[in-house]
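Here's a quick briefing on one protein chain. Take a look at the sequence and the structure first, and then we'll go through them topic by topic.

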Amino acid sequence: MGGREQRESVTVVPAPERDHVVAASETVTLVLDEDSPLPENAADVEDLVRLLRGHVVQLGARTALGSPVLVRAQRLRSKSIPEGYMPSRVYLVKLAEATQELMAHVDRGGPGPIRAKRGRRWQKPKINLLRGTVFAVALACLIFAASVPRT
């Protein structure tokens with residue numbers, strides 16, 4: 001109204017990205033956990049293989065090119081799913097194991113060329129440093145309280 005347009009500023013805040021190692025760990029657990037049953041049909045195998053292949057790509061971006069762990073995972077990723085019940089399940093388990101090795105490599109902080117640049121982060125202080133600081137402040141308060149004259 002009145003010929004004036006009011007525009008509100010809109011700030012788009014991207015949702016925090018889920019950690020690739022955690023997501024891959026969940027998928028690997030679905031395949032390799034002792035309590036997890038083998039997939040019953042081919043569609044379940046294909047879904048799990050598709051997820052694992054995606055994790056290999058995501059984790060591979062955080063790993064140095066030519067790393068033996070990455071090469072093995074990429075080699076398994078590029079193979080097609082074998083026909084038959086047992087061969088497809090064996091392939092699924094091998095791909096999950098390779099993904100697990102790649103996760104461990106990334107989690108250990110293996111050399112990775114692609115690291116997202118973030119703002120400067122404060123290091124989390126050690127617990128003993130915090131305890132010492134609290135003790136020093138408490139001692140200073142006690143000395144100050146003892147030096148105040150009584151009335």
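Helices (H or I, at least four residues) and strands (E, at least two) are DSSP runs, numbered from the N terminus. By that count, the chain has five helices and zero strands, and reading along the sequence gives the pattern α-α-α-α-α. Keep in mind that this is a predicted model: local features need pLDDT of at least 70, side-chain atom pairs count only at pLDDT 80 or more, and totals for chains, interfaces and linings use all residues. Residues are numbered from 1 along each chain as its sequence is written, and side-chain values use heavy atoms, with hydrogens and water left out.

**The chain overall**
- Buried means under 20% relative accessible area, exposed means over 50%, and partly exposed is in between (1.4 Å probe, protein chains only).
- Out of 151 residues, 23% count as buried.
- Contact means heavy atoms within 4.5 Å. Among contacts in the chain with a separation of 6 or more, 75% come from residues 24 or more positions apart.

**How α1 packs on α2**
- Axes are lines fitted to C-alpha atoms, for helices over the stretch in contact, and angles run from 0 to 180 degrees between N-to-C directions.
- Helix α1 (residues 20–32) and helix α2 (residues 42–60) have axes 10 Å apart and pack at about 150°.
- Angles under 35 degrees count as roughly parallel, over 145 as roughly antiparallel, 65 to 115 as roughly perpendicular and the rest as oblique. That's why α1 and α2 are called roughly antiparallel.
- On the α1 side, the residues that meet α2 include Val 21, Ala 24 and Val 28, while the α2 side includes Leu 48, Leu 51 and His 55.
- Sorted by class, this contact of α1 with α2 has ten nonpolar, four polar and no charged residues. Here Ala, Val, Leu, Ile, Met, Phe, Trp, Tyr, Cys and Pro count as nonpolar, Asp, Glu, Lys and Arg as charged, and the others, Gly among them, as polar.

**How α1 packs on α4**
- The axes of α1 and helix α4 (residues 85–107) come within 9 Å and cross at roughly 150°, so this pair is roughly antiparallel too.
- Val 21, Ala 24 and Val 28 are among the α1 residues that meet α4, and their partners on α4 include Leu 92, Ala 96 and Met 103.
- The contact of α1 with α4 has ten nonpolar, three polar and two charged residues.

**A closer look at α4**
- The expected span of a helix is 1.5 Å times one less than its number of residues. For the 23 residues of α4 that gives 33 Å, which agrees with end C-alpha atoms 33 Å apart.
- Buried residues of α4 include Arg 89, Leu 95 and His 105, and what covers the buried residues of α4 includes α1, α2 and α3.
- Ser 88 lies in α4 and counts as buried because its relative accessibility is 4%.
- Beyond its neighbours within four places in sequence, Ser 88 is in contact with Val 45, Ile 81 and Pro 82.
- Just after α4, Gly 109 takes a positive phi of about 85°.

- Ala 61 sits in the loop between α2 and α3 (68–78), and at 32% relative accessibility Ala 61 counts as partly exposed.
- Ala 61 and Val 106 are 45 residues apart in sequence, with their C-alpha atoms 9.9 Å apart in space.
- Helix α5 (residues 127–147) has 21 residues and should span 30 Å, which agrees with its end C-alpha atoms being 30 Å apart.
- The number of buried residues in α5 is zero, so α5 lies largely in the open.
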